[in-house]
Amino acid sequence: MGLRKIRIFGDEILRKKCKEVKDVNLRTRILIEDMLDTMYEANGVGLAAPQVGVLKRIVVIDVGDGPVIMVNPQIIETREEQTGEEGCLSYPGKSGIVTRPNYVKAKFFNEKMEECELEGTELLARAICHECDHLDGVLYSDHVEGEIVDVSGQPDNA
């Protein structure tokens, strides 16, 4: 399909709440494919629709087990905690320490609008929380403990 431009921190769309998806039409399927292509091209493990400028409740995640497409995701259960380094495609070359649940259970619809549930731990749990936050205009920087650090070797502009 195609690559979309990833919106960078400071873009006001990243702070907006996304609208629920009522049905998955051709345009939505193209968006999902483009999001997957964009995420893989950027070497990410997750991407939310507002990160490519679309205010729809859609996220894509792949932590190495194949892609998960989540339409209208809701986190319904969390347990335990993990604290670790986290980054975001909207903060290129940056990372920070964030505490997230170590176990997450989410319900959502897939690209065929079939209701699904997914349980995840560790990186998958972190990715689900991170991407679902994007749908409500919450950025990982809102959760960072301490400073966001430059891991790219480039000058800090954030």
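The accessible surface of the protein chain amounts to about 8,300 Å² (Shrake-Rupley method, 1.4 Å probe), and 47% of this surface belongs to carbon and sulfur atoms. The model is predicted: local features need pLDDT of at least 70, side-chain atom pairs count only at pLDDT 80 or more, and totals for chains, interfaces and linings use all residues. Residues are numbered from 1 along each chain as its sequence is written, and side-chain values use heavy atoms, with hydrogens and water left out.

Overall values for the protein chain are as follows.

| Property | Value |
|---|---|
| Span of the C-alpha trace along the principal axes | about 40 × 35 × 25 Å |
| Radius of gyration (over C-alpha atoms) | 15 Å |
| Residues counted as buried (under 20% relative accessible area, 1.4 Å probe, protein chains only) | 46% of 158 |

The protein chain has 2 helices and 6 strands (DSSP runs: H or I of at least four residues, E of at least two). From the N terminus, their order is α-β-β-β-β-β-α-β.

Tyr-91 and Tyr-140 form an aromatic pair (ring centres within 6.5 Å). The pair is edge-to-face (planes over 60 degrees apart), at 5.0 Å centre to centre and 90 degrees between the planes. Tyr-91 lies in the loop between β3 (68-86) and β4 (94-109), and Tyr-140 in the loop between α2 (122-135) and β6 (145-150), so the pair ties together parts 49 residues apart in sequence. Both Tyr-91 and Tyr-140 are buried. Together with Phe-9, these two tyrosines form one aromatic cluster.

Key: Phe/Tyr/Trp six-rings, centres within 6.5 Å; stacked < 30°, edge-to-face > 60°. Buried < 20%, exposed > 50% of the residue type's maximum accessible area, 1.4 Å probe, protein only. Rg over C-alpha atoms; globule rule 2.2 N^0.38 Å.
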